[in-house]
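Open the model in your viewer and keep the selection tool ready. We will go stop by stop.

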Amino acid sequence: MKLKSPVLWKSGFSPKGFLFVLSMSIFVFSAAAFAGTQTQQSEQDSADSTAVEQSAPTNPSDSVSADSANVEQTANQADTTSQAAMEDTLAADSAPAKSKPAGAEKFSHYRNDIKRGERFFRGLLPHSNQQASCTSCHNITPSDTLNWNPSALDIANKYLEKDFAEFKAVVMEPSGGMMAEVHKDYNFEDADLKTVKAYLDDLSMRGPASVKPTIDRLLLFLFLGLIITWALLEMIFFRKIKYKAIPLIIFLGVFGFQVKMLYEDGVRLGRSQNYEPAQPIKFSHKVHAGQNQIDCKYCHFTVEESKSAGIPPTDLCLNCHSLVREGTRSGKFEIAKVIEATENNIPVEWVRIHDLPDHVFFSHAQHVNAGKLDCIECHGDVAEMDVVRQVEDLSMGWCIDCHRTKEVQFVDNNFYESYEALHEQIKKGEIDKVTVDMIGGTDCMKCHY
Amino acid sequence: MKEQYYKSLDDLIYDARLASSEPDAGDRKSILQMKQEAKSTGNSRRDFLKLFGFTVASAAIAASCEQPVQKAIPFLIQPEKIIPGEASYFASTYFDGIDYCSILVKVRDGRPIKIEGNTLSPVTMGGTNARTQASVLGLYDNKRHKNPTYEGKKISWEEADEKIMLFLDEAKKRQGKVVILSSTIISPSTKAAIQEFLDAHPGSEHIQYDVLSASGMLKANEETFGKAFIPAYDFSKAEMIVGFDADFLGTWLSPVEYTKQYAKNRKLVDGEGRMSRHIHFEGGMSLTGSNADERYQIRPSQEKLVLANLLQELRKLNGQAGSSVPSSPVDVKKIAAELFSKKGKSLVVSGSNDADNQLIVNAINELLGNYGATIQTDVHLKLRQGMDEDMDRLVGEMESGQVDGLILYDVNPAFDYPEADRFVSALQNVKLKIAMPILGEETSEHVHFVCPDHHYLEAWNDAEVKTGSYSLAQPTIRPIFKTRAAQESLLKWAGNPVDYHTYIQKYWEDNLLAGSGEASFDDFWNNKLHDGVFESGRNEAEIQAFNAGAVESALGQAKSTSAADSLELAFYTNVSVGSGKQANNPWLQELPDPVTKVCWDNYAAVSPKLAAELELEDEQLIKINDFGPIPVIVQPGQEYKTISVALGYGRRNMGIPDGTIGQNAFPLIQTQNGAKQNYLSQVTIEKVAGEYQLARTQSHHSMEGRSLVRETTLEQYLANPASGNEVRETIKSHMKSLYAQRKFEGFHWGMAIDLNSCTGCNACVVACSAENNVPVVGKEQVIKAREMHWIRIDRYYKGDPENPELVRQPVMCQHCDNAPCENVCPVAATTHSNEGINQMAYNRCIGTRYCNNNCPYKVRRFNFFDYTGADAMPGNKKDPAEMTTDLRRLVLNPDVTVRAKGVIEKCSFCVQRIQEKKLVAKNENRTLKDGEVVPACAQSCPADAIVFGDLNNEQSRISKFFADERNYHLLEELHTLPSVGYLTKVKNKTI
């Protein structure tokens with residue numbers, strides 16, 4: 001749908017028709033945008049209602065007996081661990097109800113406690129200590145930069161099942177490195193700490209804060225659509241601007257930009273360059289492969305024999321971490337996760353970063369063992385990454401480019417003796433190297449079958 | 001005005017318009033014209049749709065779909081030698097009560113996905129058959145019993161054991177009889193376990209019941225040798241084979257073993273100039289019969305007479321006086337003379353279950369000196385040990401209330417016992433009924449306890465298929481459901497709660513270690529487990545001398561055989577569904593019958609002559625006595641008065657996904673002299689109104705005058721090795737091209753198929769489906785000619801339709817170096833690789849099907865729907881066989897893309913296997929060895945008919961095959977330069 005020449009205007013499209021189409025497109029976009037804002041709206045709604053409930057003045061002595069039956073019903077109907085049930089409980093009754101299933105009893109706290117705990121955690125409550133707020137180390141919302149300290153949610157999850165005494169012991173009698181230093185002079189009141197525990201328990205039940213989808217690009221796109229509409233209307237109906245070229249230039253420019261946006265987004269579909277997700281354990285390749293110089297193949301030990309390089313089994317971590325129980329920056333918290341996983345027989349669910357589509361066959365053994373490639377060539381300098389990021393876009397073009405330039409281990413590997421003609425050519429000096437594509441490295445069925 | 005004809009109302013209206021409008025309107029407008037006209041009318045509907053499509057697409061993109069987060073979950077403790085992404089192979093044994101095969105199981109990331117033949121086995125020698133290949137799909141079957149039940153309700157194993165043992169104790173006290181009814185047991189450890197149970201419950205009994213029984217043969221051997229056994233046959237030593245209704249290449253006794261032996265003796269490569277001669281007598285057209293050099297049609301009831309005549313002729317030749325028997329419908333003098341000249345190098349076999357027939361066969365083989373030569377009596381085949389009389393006696397005892405408890409192990413008499421209804425009602429008199437099935441079976445509905453057994457891929461087991469030939473089965477996956485090894489259940493109820501693995505080990509340590517030459521049991525066990533097989537060298541005790549006395553009475557029987565002229569109904573089992581044990585296996589149901597090419601049904605095959613007489617046509621429904629209605633297939637080569645119906649169909653609640661496939665013919669079987677007969681005489685047929693559509697993959701019977709299959713006779717071949725293939729020279733001389741023939745750097749893959757070895761058993765078709773995730777499309781789609789098999793076995797009839805010869809030809813993508821499909825692809829989705837492979841990039845394919853149209857071999861397949869659940873759009877799915885369920889999808893090969901709707905696919909020469917082996921060679925720093933790359937079809941072939949290799953390597957086997965004068969290419973006159981070659985078929989017959 002490029003508007004190259006005026007001829008097309010006459011034969012192909014009538015301006016009226018085009019306008020119709022355009023208005024349709026705007027309609028579609030608005031619908032999409034509306035749908036987007038709808039979901040957001042509903043999230044907002046629930047957040048609002050929570051806020052309202054939370055801020056509503058409640059009195060512990062108010063109507064305990066009257067509502068307890070009600071509570072029981074709610075608790076039985078809904079999944080007790082779900083947020084909805086929790087909220088219902090809170091909304092219906094500010095006091096802990098006695099007749100609840102065993103699991104829920106432990107985690108019902110007074111709303112005020114939770115609120116107070118949150119304030120305390122955020123450092124909004126004045127207290128006698130001069131220490132920084134909890135949140136200055138233990139972030140509540142996900143952060144872009146790597147924070148070695150466990151997040152509030154991490155802590156909350158870990159201590160959800162444990163009682164207050166244990167929690168207190170950890171906070172007040174810190175052990176090891178960084179934590180010992182920071183927590184050194186803590187002398188909180190039990191009452192305060194209890195509210196913090198209440199807040200954390202609540203946080204754990206609630207789960208991570210939902211990340212709102214960004215609609216910047218969509219808004220920009222819609223805005224550009226408005227400009228186009230205006231430019232078209234100007235060109236055909238209003239005709240207020242003296243120089244007809246101006247709206248046309250605006251139209252072409254803006255439309256071009258829209259096409260560029262679409263192209264970029266389209267190309268990005270299914271690719272995830274620079275993907276850098278948070279992992280369940282703050283494992284740093286920089287520390288392990290960089291500072292400690294552990295060979296990649298020590299952990300990814302199937303890389304030379306299998307298509308998959310392999311995520312190391314958890315017990316392999318324990319080769320070192322059965323002794324190394326504390327990190328310089330991360331303390332004990334992260335390493336403890338590995339040990340817990342092994343003890344509880346629950347494997348660690350890492351987030352997969354490099355993920356090729358199902359119709360692509362890729363073998364690490366081929367590239368690393370036979371092709372003698374260095375890990376860095378595809379994965380970037382992982383030894384410098386605290387959080388692993390996908391450096392290359394892993395597109396087919398990227399693969400092919402490499403296959404066209406990369407030299408094969410032609411002379412060193414006896415396998416290639418079968419390629420007699422090429423050996424002949426090397427001998428004669430007609431070619432000085434054999435690249436992957438010369439032996440069929442760009443054939444479809446090298447990767448797709 | 002002229003008289004007007006029209007096919008539809010549309011035509012009529014169009015014609016009317018033509019008549020009324022301007023004089024030149026008679027010409028239909030060209031598409032181009034119409035396009036231009038459309039353009040001139042301003043913005044059309046199509047323009048609008050294009051733009052609207054663009055906006056929708058842009059909206060979708062701009063709203064930027066988020067990708068799901070993928071998890072990578074490693075092992076907690078990675079087992080040694082288990083490498084994610086790499087397959088492991090475990091030696092095991094396939095035995096389902098009927099078929100035996102020593103196998104390797106390919107396990108990828110913890111799940112078995114493919115069965116391969118075990119080349120170390122001296123019995124099956126690396127061959128497999130269709131049923132063995134398909135058995136892996138049975139593991140992932142939703143119809144399996146998922147936990148023990150009591151009267152249909154789920155219970156725990158502990159509860160079940162408690163209740164059962166309580167009953168067994170009571171039965172013991174009152175000395176009640178408990179019967180274990182099983183199929184043939186070839187596992188020595190299982191036998192020991194059963195014995196242990198019998199010892200713990202005195203008065204109980206173990207009865208073996210075979211669906212396809214060999215009682216007649218067992219009885220005959222008991223009379224002639226004093227022992228009921230099945231001897232070991234060796235077809236590879238036989239220069240002359242005469243078969244009587246014994247489908248030894250398809251379903252008779254040990255077909256994989258026999259196909260290996262048979263094919264070995266019929267190869268004319270490497271300068272071999274001898275091949276066996278095979279003569280077959282039968283009523284219906286069987287796989288084996290269609291492979292014979294000469295085939296004679298006889299009614300099943302005439303078999304005795306022909307055998308008797310043959311024996312008498314042989315006796316005459318041997319100088320013995322022969323008593324007179326009525327003359328045979330077939331003149332056997334010549335055959336007798338030929339057989340007599342091959343004394344000690346011949347083999348006569350009969351598939352009859354009539355002891356008299358088998359007695360005469362024994363006498364013939366004895367006279368020919370075949371015992372000790374081609375038939376071993378000191379090595380017994382342990383399959384089919386069941387005596388039909390025992391089962392009949394049991395049903396009688398059940399009816400009279402003498403049976404207290406009945407344990408059904410791997411049997412389904414409510415389906416396959418001829419008097420199934422009688423059996424079911426007799427079950428009412430049994431106080432405790434336990435079934436130990438794998439699948440939900442008809443019989444399980446009538447029992448108290450269902451104690452499900454493991455699938456064989458989940459279980460430990462052992463087997464002694466022939467005397468001294470042991471093999472082991474090992475679990476290749478953890479039990480998917482709450483099942484328990486049947487042996488463990490029996491042992492537990494016998495008061496010995498031991499796990500079966502330990503039990504087998506103990507058995508092997510006590511009984512087999514001694515003769516093995518290994519010092520420690522661990523070494524012995526580990527080595528044998530690795531190999532999967534163990535030859536102990538044990539032989540059976542000497543049998544008594546041949547007792548000819550019984551033969552005379554059998555001959556007497558032959559004399560009294562009246563030449564009844566009524567219709568006869570012959571029962572047979574086909575290579576796909578077999579006895580019906582795997583009737584709900586979609587791979588097998590969709591496998592076309594090697595003769596009729598029908599899948600998803602059974603039918604009544606009638607001869608063309610009879611069809612003409614009774615005015616029967618294909619798909620006409622008939623009733624045979626009270627059986628049916630069943631559709632008719634007019635089968636060339638069928639004996640005039642014989643109607644054939646396949647057994648194993650008609651299982652209830654086992655169809656795919658539900659319902660019944662075909663008709664159950666088991667109730668028609670009659671017992672004579674205590675043995676189930678494989679034919680029924682004096683049947684009447686009656687036409688029923690209506691037709692029934694059958695799914696047939698090949699309707700064409702002729703080669704349309706082209707030399708697709710080239711054949712010759714042995715005599716001509718010896719005179720001129722290129723005989724039958726003369727046309728090749730002419731074609732070669734015409735092959736002139738302006739373009740230089742492409743040279744392939746490195747490898748140039750090629751495949752050769754020896755038509756003389758191929759029996760058409762279909763093992764390759766199932767192997768290919770399993771290896772390459774070939775979808776199952778269901779009957780309805782097969783009728784529309786949309787079957788997806790990458791390899792098909794064409795069959796053509798030749799000569800008189802009443803008794804034609806039959807030739808077969810496996811056809812897969814020919815990987816033409818001058819491929820017509822490649823030129824016409826508008827998106828370059830199919831191209832030629834650097835190694836001569838015609839490659840297919842599914843993700844590029846937009847489904848124009850131009851390639852399909854332009855392929856002269858018709859080997860390209862189009863996914864009209866999403867049959868495997870690969871598609872993101874649920875509306876595209878078509879799942880006639882429950883193949884898209886999560887459980888079934890576990891069988892998919894992760895190295896091969898699962899194709900979505902709308903793309904073409906075809907044979908890839910198993911490129912994943914080529915790439916795998918190349919990588920192995922690279923990593924080991926060596927060249928690729930000839931024969932290292934074996935595609936799935938070649939691996940599975942029990943006849944070793946398929947050879948694959950590098951054509952660039954002059955020393956390779958494939959190059960030798962291509963240089964053979966018998967080699968030719970399919971439709972080579974088209975100058976497509978295929979990479980697949982065929983070796984001419986040579987028949988050992990005189991013209």
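Into which domains is chain A divided? This is a predicted model, and chain A has domain 1 (6–38 + 214–268), domain 2 (276–355 + 365–391) and domain 3 (395–449). Colour each one. Now look at the C-alpha atoms of domain 2 and domain 3 of chain A: the centres lie 32 Å apart.

Next, select residues 190–206 of chain A. This is helix α10, with 17 residues. From its first C-alpha to its last it reaches 24 Å, close to the 24 Å expected at 1.5 Å a residue. Show the side chains. The buried residues of α10(A) include A:Val196, A:Tyr199, A:Leu200 and A:Met205. A:Lys197 and A:Asp201 are also among them.

Now switch to chain B. Zoom out. It holds 31 helices and 43 strands. Its radius of gyration is 30 Å, close to the 30 Å that the globule rule gives for 991 residues, so chain B is as compact as a globular protein of that length. Its C-alpha trace spans about 100 × 70 × 70 Å along the principal axes. Of its 991 residues, 54% count as buried.

Which strands of chain B form an open sheet of seven? Select them in the order β6-β5-β17-β16-β15-β7-β8; the pairing is mixed. At the edges are β6 (153–154) and β8 (205–208) of chain B, each pairing on one side only.

Last stop: β15 (residues 403–409) and β16 (residues 432–436) of chain B. They pair in the parallel sense over five bridges. Click B:Ile407: its bridge partner in β16(B) is B:Ile434.

Key
Residues are numbered from 1 along each chain as its sequence is written. Chains are lettered from A and ligands numbered from 1 in the order in which they are written. This is a predicted model: local features need pLDDT of at least 70, side-chain atom pairs count only at pLDDT 80 or more; totals for chains, interfaces and linings use all residues. Two strands pair if DSSP finds at least two bridges between them. Helices (H or I, at least four residues) and strands (E, at least two) are DSSP runs, numbered from the N terminus. Domain bounds come from an automatic or database domain assignment. The expected span of a helix is 1.5 Å times one less than its number of residues. A residue is buried if 20 or more other C-beta atoms lie within 10 Å of its own, exposed if 12 or fewer, and partly exposed in between; C-beta atoms are placed from the backbone. The radius of gyration is taken over C-alpha atoms; the globule rule is 2.2 Å times the number of residues to the power 0.38.
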